[in-house]
Amino acid sequence: MISTRGRYAIRIMLDLAKNDQGKYIPLKDIAAREQISKKYLEIIVKDMVAGGLVTGASGKGGGYKLCRKPEEYSIGEIIELMEGSLATVACLTRDAAPCPRASDCPTLPLWEEYDRMTHDFFYGKHLTDLI
């Protein structure tokens with residue numbers, strides 16, 4: 001399940017993309033438009049800056065803006081930054097130890113196919129697809 005962190009991060013990114021005029025956008029403006037607590041957005045956007053999705057500036061004229069063009073952001077990268085791996089089962093995460101049952105696991109192909117579908121779906125969608 002995708003939490004509010006992941007969903008709100010997408011909404012923040014969409015808001016920044018739709019309201020981009022080359023200037024930083026104050027978080028209070030985003031919070032008002034998206035009807036989300038500014039305090040909660042501060043927590044989320046901190047991780048977005050650290051993850052390289054957005055850049056921020058403080059002081060007069062400060063706020064946030066995208067680091068890249070909207071079409072260069074996949075929804076998958078936003079979700080994975082905020083939520084962690086999209087893998088459906090632990091054995092398919094990037095850093096998983098090799099499973100000793102993998103060669104005999106009758107359900108592994110099911111999980112691999114589901115993971116591919118999920119990955120391809122979210123990484124095949126970009127911010128511009130939602131604007």
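## Helix H3 and its flanks

Just after helix H3, Gly52 adopts a positive phi of about 80°. The model described here is predicted. At the start of H3, a side-chain oxygen of Ser37 comes to within 3.2 Å of the backbone nitrogen of Lys39.

The length of H3 can be checked against its residue count: at 1.5 Å a residue, its 13 residues should span 18 Å, and the end C-alpha atoms are 18 Å apart, which agrees. Four residues of this helix, Leu41, Ile44, Val45 and Met48, are buried. The cover over these buried residues of H3 includes H1, H2, S1, S2 and H4.

## The nonpolar core

The largest nonpolar core comprises 27 residues, and those with the most contacts inside it are Met13 and Met48. Two or more residues of this core come from each of helix H1 (4-18), helix H2 (27-34), helix H3 (38-50) and helix H4 (75-83). H1 makes the greatest contribution to the core, with eight residues.

Leaving aside residues up to four places away in sequence, Met13 touches Met48, Leu53, Val54, Leu66, Tyr73, Ile78 and Leu127. Met48, one of these partners of Met13, is also among the buried residues of H3.

Strand S1 (residues 54-57) pairs with strand S2 (residues 63-66) in the antiparallel sense, over four bridges.

## The loop between H1 and H2

Asp20 is located in the loop that joins H1 and H2. Its relative accessibility is 49%, so Asp20 counts as partly exposed; the exposed class requires over 50%. A polar atom of the Asp20 side chain lies 2.8 Å from the backbone nitrogen of Gly22.

Asp20 and Leu53 are separated by 33 residues in sequence, and their C-alpha atoms are 15 Å apart in space.

How values were computed
Residues numbered from 1 in each chain as written. Predicted model: local features only at pLDDT ≥ 70, side-chain atom pairs only at ≥ 80, totals over all residues. Heavy atoms only, no water. Pairing = 2+ DSSP bridges. Core = buried A, V, L, I, M, F, W, Y, C linked by side-chain atoms within 4.5 Å. Buried < 20%, exposed > 50% of the residue type's maximum accessible area, 1.4 Å probe, protein only. Contact = heavy atoms within 4.5 Å. Expected span 1.5 Å × (residues − 1). Polar contact = N/O pair within 3.5 Å; in protein donor to acceptor, adjacent residues only side chain to side chain.
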